[in-house]
Amino acid sequence: MLYFSFTLLVIAILLTACVNEEKVKYTRYFTDGAQLYKTNCQNCHGANGDGLAQLIPPLTDTSFLRKNRSQLACIVTYGIADTIKINGQTYNFKMPANTNLVPIDLAKLLTYVTNSFGNKQGLYDVSEIENHLKKCR
Amino acid sequence: MTFKQKIFFVLTICAVFVSCSSSNKKLPIYGEREAIKKMINGVEVVDTLYQTIPKFSFLNQDSVVINNDSLNNKIYVADFFFTSCPSICPIMKKQMLRVYEKFKGNTEVKFLSHTIDPKHDSIPVLKNFSNKLGVNSMQWYFLFGDKETVYNLAKTAYMSTSYEDKAAPGGIVHSGYFLLVDKNKRIRGAYDGTNEGQVNQLIDDMQVLLNEYQTK
């Protein structure tokens, strides 16, 4: 019996450690992502992700970001010249490329963006970003 | 005089003093200046000749010619930008939009945004940009002109810089200043268009400048 409860305790400790590790990682990505956002995105998209008139789209369209989760890394890296619809409004001004950002930066940046401005999507992992980047159009 | 009367007297003096000092507030005049001698009624007097914005002629987003004469009897704010600029322009445009909203519909106030990338920013591109920004093309002009002319105007008239540099984001370096020009085409203020505090100062100063013309 003693042995059994000891095993349970060990499992419990390991589980919490794992959960905490995940949470620590998320916090670290989010914090670094905020800094990356400031230097790479904020000039255009604004400190509150509200964009600029009908020229620069806001980052507040939760359903767009959720639906296009697998496209976001490509959009940030290579920019976009297509017309997109955000919050029911069409935007067609070109977004420039940001090829200076490596996958780990993108993971942190997108973790920040998709968990700010009213979004709540959780962590972006580097492996997920690398997968998405392979399928860029 | 009773005590009450004394207090009233002092307060009145104070009020007069405060109101006088605020209505006398004037903006400085920037640029080179020189003393010139001229004859008025046969008497030689010394006057000051101030630096002014030289003659220019550009097309706006509606393909309408805009020159010095279009700005007679107007005060205006000028800046230099390009539509594909990823660095400071969106911040500047956001701030300029704030100033525009404050003076929207005021016939004495105009806005001039000179593109420094005429190769990309054709008149239709500027028109689309101004539409998307949601501004009136009768009050806010997006001006298209020969690159050398615009760069030169920025440098000599507005004391602003812009030049090409492949290493810079977007390929062009330029300063983010908003220049305030009075009805006599003299520069009365320069404000960092990326700094919210300085742009607030611009809004206050524009009101001060407009008041200068009202008292006469």
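Visitor: What makes the backbone oxygen of Trp140(B) and the side chain of Gln61(B) a polar contact?

Guide: The backbone oxygen of Trp140(B) lies 3.0 Å from a polar atom of the Gln61(B) side chain. A polar contact is a pair of N or O atoms within 3.5 Å; within protein, one must be able to donate a hydrogen and the other to accept it, and residues adjacent in sequence count only if both atoms are side-chain atoms. The value of 3.0 Å is within 3.5 Å, so the pair counts. The Gln61(B) side chain also reaches the backbone nitrogen of Phe142(B), at 2.9 Å.

Visitor: What stands behind these values?

Guide: This is a predicted model: local features need pLDDT of at least 70, side-chain atom pairs count only at pLDDT 80 or more, and totals for chains, interfaces and linings use all residues. Residues are numbered from 1 along each chain as its sequence is written, chains are lettered from A and ligands numbered from 1 in the order in which they are written, and side-chain values use heavy atoms, leaving out hydrogens and water.

Visitor: How do you know whether Gln61(B) is buried or exposed?

Guide: Look at its relative accessible area, which is 3%. Buried means under 20%, exposed over 50%, and partly exposed in between (1.4 Å probe, protein chains only). Gln61(B) is therefore buried. Gln61(B) sits in the loop between β3 (57–59) and β4 (65–67) of chain B; strands are DSSP runs of E with at least two residues, helices are runs of H or I with at least four, and both are numbered from the N terminus.

Visitor: Why is the pair Asp182(B) and Arg188(B) called a salt bridge?

Guide: The rule asks for a side-chain nitrogen of Lys or Arg within 4 Å of a carboxyl oxygen of Asp or Glu. The closest N and O atoms of Asp182(B) and Arg188(B) are 2.9 Å apart, so the pair passes. Asp182(B) also meets Arg186(B), at 3.1 Å. Asp182(B) is buried at 1% relative accessibility, Arg186(B) at 15% and Arg188(B) at 3%. Salt bridges that share partners join Asp182(B), Arg186(B), Arg188(B) and Glu212(B) into one network.

Visitor: What makes Asp47(B) buried, partly exposed or exposed?

Guide: Its relative accessible area is 30%, so Asp47(B) counts as partly exposed. Lys38(B), at 35%, is also partly exposed. The side chains of Asp47(B) and Lys38(B) meet in a salt bridge at 3.0 Å, N to O.

Visitor: How do you know which salt bridge links chain B and chain A?

Guide: The count between these chains is one. Lys94(B) and Asp50(A) meet at 3.3 Å, N to O. That is within 4 Å, so the pair qualifies. On the chain B side, α2 (89–103) and α3 (123–133) each supply at least two residues that touch chain A.

Visitor: How much area do chain B and chain A bury between them?

Guide: About 1,100 Å², with 64% of it on carbon and sulfur atoms. Buried area is the accessible area (1.4 Å probe) that two parts lose on being put together, summed over both. In chain B, Pro90(B), Lys94(B) and Lys132(B) lose the most area to chain A, together 51% of what that side buries.

Visitor: What makes a set of residues a nonpolar core?

Guide: They are buried Ala, Val, Leu, Ile, Met, Phe, Trp, Tyr and Cys residues joined through side-chain atoms within 4.5 Å. The largest such core has 56 residues; among those touching the most other members are Trp140(B) and Met206(B). A second, separate core of 26 residues includes Tyr29(A) and Leu59(A).
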